[in-house]
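Q: Please take a close look at one residue in this model. Then set that residue in the context of the whole fold.

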Amino acid sequence: MESAKPQKIYSIHVLRGVAIIMIVFSHCLGVFKNSNLIANSYLFSFLNLFAFNFTTFFVLIAGFLFQHLTYKFDTKTYYLSKFKTVVCPYISVSIFCFFFYHYQYLSGLPWYSSTEPNVISSIIRMMLTGTQLLPLWFMPMIIIVYLMGPLLFYWSKKNLIVAGLIAMLWVVMFTKPDFTKPFLNLLHYGPVYLIGMMLKQNYETIMKSVKDNLLLVIFLFGLCFFIPFAYRYMDYFGIQNLYFDTLQKIILFILALYFLDGLNHKVNEVKIYKFFSYMANVSFPIYFIHEIIVIELERQLYMSPMGDIIKTSNGELASLGAISFLVSTLVISVIIANIIKLVFKDKAKYLIGGMR
């Protein structure tokens, strides 16, 4: 086991801020529901594809930091920390959703029945699948990953290069499943977590390889982006059984680590760094509450004189609207997170996740 505390990796902190912004943006793009938008607008299609699946960044960061912090791994402390900062806010936000988004459905069911849907079984089903609010599909899957902490700690001592390369092939062959299937999502994102561990374990070697083959890595990213983009406009492209979106984000993550590596060797006082650093600090609260803000903003827009914008077939207008939604959602989410932090102080992490 490593005896010295490793140096903080500032690039990872920045990428956490980038990831939460892009995850919120993908949900803001989803507000505009015209089925012809992607077909009619290359701009909207580009934004939709680029913003999609930044969940991969979160999983890579989690694996990277797990490997980075193995020097202080203790099973009891690890489980207690994840219970406080992940399970508790998941339960808290879920309770809110049950009252405000599912109350009408749940109130029409019996509390318990062995033969028909009931309140208890419905709540358990939603908690186990994360279907009570769109972004919460991620929670059951990542909780399973955290439960595997001791096994992952054992693997962290092995050479993960081969396992990481196999995992990159696996995420292309094993298509990302439906949101409501946490164990299948584990089979897709579990290897991504392992890739994150591998990147940290072999960080210097990988950064040197990227430097020596930068154009090739950029080409691979472009290829993984172009193939699913082109497939949207071609009846047959020969890739129906392959899935490039996760590999695309993995390569983008590696490129980002390379280009941001300079942050790890100097004091960072630049305003752009401070912005992404702050977004990283509040990323957990934003993750847990942003979709609630998106839903309410969408409802207000729908009831306003400009409600028809939601159904627009103009890709440029929808893209501008999604960016406006993004800015509004982030600002309101940060304000609410800080109010909750001000009121509940250290207990806020049990409600909306920890703020650094």
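A: The radius of gyration is taken over C-alpha atoms, and the globule rule is 2.2 Å times the number of residues to the power 0.38. For 356 residues that rule puts a compact globule near 21 Å; the protein has 21 Å, so the two agree. This is a predicted model: local features need pLDDT of at least 70, side-chain atom pairs count only at pLDDT 80 or more, and totals for chains, interfaces and linings use all residues. Residues are numbered from 1 along each chain as its sequence is written, and side-chain values use heavy atoms, with hydrogens and water left out.

Now the residue. Ala163 sits in helix 10, which covers residues 161–173. Helices are DSSP runs of H or I with at least four residues, strands are runs of E with at least two, and both are numbered from the N terminus. Ala163 has a relative accessible area of 27%, so it is partly exposed. That class lies between buried (under 20%) and exposed (over 50%), with a 1.4 Å probe and protein chains only. Leu194 is 31 residues away along the chain, yet its C-alpha atom is 7.7 Å from that of Ala163.

Next, the whole fold. The protein has 18 helices and 0 strands. Its C-alpha trace spans about 55 × 50 × 45 Å along the principal axes. Of the 356 residues, 50% count as buried. Take contacts (heavy atoms within 4.5 Å). Among those between residues at least 6 apart in sequence, 82% join residues at least 24 apart.
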